[in-house]
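Visitor: I have a model open and would like to go through it piece by piece. Can we start with the strands?

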Amino acid sequence: MDVIEAICSRQSIRGYKPTPVTKETLREILDIATRSPSGDNAQTWEITVVTGEVLDNIRWGNVERFTSGVTPNPDFALGRLEGVYRQRQVELGIQLFQLMGIAREDRDKRTQWRQRGYRFFDAPAAIILSADSSLSESRILLDAGLISQTICLAALNYGLGTCIGVQGITYPEVVREFTNIPTSRRIIVSIAIGYPDWDFPANKLESQREPVESITTWCGFE
Ligand SMILES: Cc1cc2nc3c(=O)[nH]c(=O)nc-3n(C[C@H](O)[C@H](O)[C@H](O)COP(=O)(O)O)c2cc1C
């Protein structure tokens, strides 16, 4: 697949077919994605791939905590958005709920939707990135961002869809219980991965972007 085509066709997939993704395929994707650049080539990322019973245990551990009202305590919090950033977040929510037929006042359906995030959108596999906590936060996050996008792009070549997400790792103690990620590593982000269910309404979302001119300052041009 052409690189421009991959960048332009990638989208977050929030509904998957149950078809498993083989270890070989995931291994190939990771072999490719670990070609991502990193500061000083330090390759700060550590990768944990989960599927089957392990992933199911994490899903249900998350949902159980969420429904019991346990306050999420992620190793990295994205933080609240305000102003134009909050507006974009709200627009995304409106688009998603419209597609999913979730009315604003329908608390049950909204809760069910949030649970879906905690279940890694029912994807057959998920990739969890972590990094040694002795490393600086900025280094960890920049490197993880680069490899995350590369994983998502490489996955397209295998007909796979992805969704980068923080909900699934918002209870890091659950992830640690069922994986070998020690507390000496900070859990950064997860990537749900699987074959897209194109009939799933949320997968029809075409997310918006600001025009380049409104976010770019050109310096030194004629
Ligand atoms: C750091 C990060 C965290 C994200 N967390 C979530 C999440 O918890 N739930 C979700 O549905 N999407 C999540 N997303 C996906 C974004 O909502 C999505 O990338 C954005 O709306 C743009 O849409 P697109 O990926 O389809 O282009 C996350 C993306 C990033 C980069």
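Visitor: What stands opposite Leu129 in strand 4?
Guide: Val189 in strand 4 is opposite Leu129. Bear in mind that this is a predicted model.

Visitor: How many bridges are there between strand 2 and strand 4, and in which sense do they pair?
Guide: Eight bridges, in the antiparallel sense.

Visitor: What about strand 3 and strand 4? How many bridges join them?
Guide: Five, and strand 3 runs antiparallel to strand 4, which covers residues 185-194. Ile164 has Ile191 of strand 4 as its bridge partner.

Visitor: What holds paired strands together in general?
Guide: Strands of a sheet pair through backbone hydrogen bonds, in a parallel or an antiparallel way.

Visitor: In which order do the strands of the sheet come?
Guide: The order is 1-2-4-3, in an open sheet of four strands with antiparallel pairing. Strand 1 (46-51) and strand 3 (161-165) are the edge strands, and each of them pairs on one side only. On average, neighbouring strands are turned by 25 degrees against each other, direction ignored.

Visitor: Which helix packs on the sheet and touches strand 4?
Guide: Helix 2 (residues 23-33) does, and helix 2 also touches strand 1 and strand 2 (125-132). The direction of helix 2 makes about 160 degrees with that of strand 1. Helix 3 lies across strand 1 and strand 2, at about 95 degrees to strand 1.

Visitor: Why is strand 4 called largely enclosed?
Guide: Because nine of its ten residues are buried, strand 4 is largely enclosed by the rest of the structure.

Visitor: Switching to helices. At what angle do helix 3 and helix 5 cross?
Guide: Roughly 140 degrees, with the axes of helix 3 (residues 52-67) and helix 5 (residues 107-118) coming within 9 Å. The crossing is right-handed.

Visitor: Which residues make that contact?
Guide: From helix 3, Arg59, Asn62, Val63, Phe66 and Thr67; from helix 5, Thr111, Arg114, Gln115 and Tyr118. By class, three are nonpolar, four polar and two charged.

Visitor: Two of those are aromatic. Which cluster are Phe66 and Tyr118 in?
Guide: Phe66 and Tyr118 form one aromatic cluster with Tyr171.

Visitor: How many aromatic pairs does the structure hold?
Guide: Four. One of them is Trp113 with Phe200: the ring centres are 6.5 Å apart and the planes are at 15 degrees, so this pair is stacked.

Visitor: Where do Trp113 and Phe200 sit in the chain?
Guide: Trp113 is in helix 5, and Phe200 is in the loop between strand 4 and helix 8 (212-215), so the pair links distant parts of the chain, 87 residues apart.

Visitor: Is Trp113 buried or exposed? And Phe200?
Guide: Trp113 counts as buried, at 12% relative accessibility. Phe200 is buried too, with a relative accessible area of 13%.

Visitor: What makes Trp218 and Phe221 an edge-to-face pair?
Guide: Their ring centres are 5.5 Å apart and their planes are at 85 degrees, so the pair is edge-to-face. Phe221 is exposed, with a relative accessible area of 60%.

Visitor: Last one. Where does Gln167 lie, and what is it in contact with?
Guide: Gln167 lies in the loop between strand 3 and helix 7 (172-178). Apart from neighbours within four places in sequence, Gln167 is in contact with Arg114, Gly117 and Tyr118. Gln167 is partly exposed, with a relative accessible area of 27%.

Definitions and conventions
Residues are numbered from 1 along each chain as its sequence is written. This is a predicted model: local features need pLDDT of at least 70, side-chain atom pairs count only at pLDDT 80 or more; totals for chains, interfaces and linings use all residues. Side-chain values use heavy atoms; hydrogens and water are left out. Axes are lines fitted to C-alpha atoms, for helices over the stretch in contact, and angles run from 0 to 180 degrees between N-to-C directions. Helices (H or I, at least four residues) and strands (E, at least two) are DSSP runs, numbered from the N terminus. A crossing is left-handed if the near helix is turned anticlockwise from the far one by less than a right angle, and right-handed if clockwise. Contact means heavy atoms within 4.5 Å. Ala, Val, Leu, Ile, Met, Phe, Trp, Tyr, Cys and Pro count as nonpolar, Asp, Glu, Lys and Arg as charged, and the others, Gly among them, as polar. Two strands pair if DSSP finds at least two bridges between them. Rings of Phe, Tyr and Trp (its six-membered ring) pair if their centres lie within 6.5 Å; planes under 30 degrees apart count as stacked, over 60 as edge-to-face and the rest as tilted. Buried means under 20% relative accessible area, exposed over 50%, partly exposed in between (1.4 Å probe, protein chains only).
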